Amino acid sequence: MRAEAQAHIDSIKDALALLRRFLDWDRALRRLDELNARVEDQALWNDPKAAQVVMRERRRLEEAITATRAIESELNDTAELIEMAEAEGDTEMEAEGVSALADLAARADKDKVKALLAGEADGNDTYIEVNAGAGGTESQDWAGMLSRMYSRWGERHGLKVELIDQHSGEQAGIKSATLLLKGENAYGYAKTESGVHRLVRISPYDSAARRHTSFASVWVYPVVDDNIEVEYNESDLRIDTYRASGAGGQHINTTDSAVRITHIPTGIVVQCQNQRSQHKNKAEAYNQLRARLYERELAIREAAANAENAGKTDIGWGHQIRSYVLQPYQMVKDLRTGVTSSSPSDVLDGDLEAFMAAALSQRVTGETVEVEDVE
């Protein structure tokens, strides 16, 4: 069998192995039988919320199992077709088989990623918070570039993107920004982006045209809906109001409408200034606080299940996940998975699918890769 066909087959088998491992195949089959039996029980439908939970889990399992079986069947059929074509010397049929394998490999990869989005909050909307690191204008400009990158990524995926809060830099870029992305699986995809992002480039703000390294941190946390309970004590909160401001320090209004809430036990700080009404800003800040506390709980659970992820709850400058090099050559490299791109302009325009898919897969396998950073 030609090398191209074998490469596609290996890729498909890897995707299937990951799907089976993620689903815990035998357990998934038993669980689907249990859910089907529950759906047949009329008593379930007396509790609409419970029925909704059961139906959601049943649909997810059924889709994943059906997709896996379909890919396995098509892989066997197509491989047999190619072998038959080779035996008969039918190059046209062989080429058609290789093309079919390429399409199947792409579908297997897509189905794999979709199945991996089965976490407790993966289907929820998400907040993405970007903060500039030390370095003044350089880092603030970099933070602004990252904020735009995630806005573009959201738009490319049909998500609704809202700017919740932003503090502009003195000369360029931003000191911080919080985006709200609404749409299917927004958090499931974006959650892999939490960490420190590093930029290496010739600075446009340096008259000597020297190369600079800048850092910015990204924190992703899910929007919490009414079905998820998050507990905290009002006495643990400090609520501050201040005057909302825009670019260049110009005041959006003349009242203290912006709201900042600090959760004292954890040090979590959230803020909102995009609404003219202090009441609306306060409500949104509370939503962010609940989301941050919930994300913290998810991180603690994940760390308990997998000690390798324990650092996720404390994102510091030592937790770099990706380097973006614009000069002297062009490359983006993910330091967790080894995935690279030779087109930083595309990545910064929101082309993040390959990085997200690899990071999602790694969360299942638990495997780490030794990757040299790029300078």
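Let's start inside the fold: leaving aside residues up to four places away in sequence, Ile128 touches Tyr150, Ala177, Thr178, Leu179, Leu181, Ala190, Val218, Trp219 and Val220. Please keep in mind that this is a predicted model.

**The nonpolar core**
- The largest nonpolar core has 48 residues, and Ile128 is among those that touch the most other members, together with Leu146, Met149, Tyr150, Ile261, Tyr324 and Leu352.
- Helix H7, residues 278-305, gives this core its largest share, seven residues.
- In soluble globular proteins, nonpolar side chains tend to be buried together.

**Helix H3**
- H3 runs over residues 48-88, and its 41 residues reach 59 Å from first C-alpha to last, close to the 60 Å expected at 1.5 Å a residue.
- Its buried residues include Ala51, Val54, Leu61, Ile65, Ile71, Leu75 and Ile82, and also the threonines Thr68 and Thr78.
- The packing partners of the buried H3 residues are helices H1 (3-23), H2 (25-40) and H4 (91-116).

- Asp90 caps the N-terminal end of H4, with a side-chain oxygen 3.3 Å from the backbone nitrogen of Glu92.

**Helix H4**
- H4 has 26 residues, so at 1.5 Å a residue it should span 38 Å; the 37 Å between its end C-alpha atoms agrees with this.
- Among the buried residues of H4 are Val98, Leu101, Leu104, Val113 and Leu116, along with Glu94 and Lys112.

Terms used. Residues numbered from 1 in each chain as written. Predicted model: local features only at pLDDT ≥ 70, side-chain atom pairs only at ≥ 80, totals over all residues. Heavy atoms only, no water. Core = buried A, V, L, I, M, F, W, Y, C linked by side-chain atoms within 4.5 Å. Buried < 20%, exposed > 50% of the residue type's maximum accessible area, 1.4 Å probe, protein only. Helix = DSSP H or I, 4+ residues; strand = E, 2+ residues; numbered from the N terminus. Contact = heavy atoms within 4.5 Å. Expected span 1.5 Å × (residues − 1). Polar contact = N/O pair within 3.5 Å; in protein donor to acceptor, adjacent residues only side chain to side chain.
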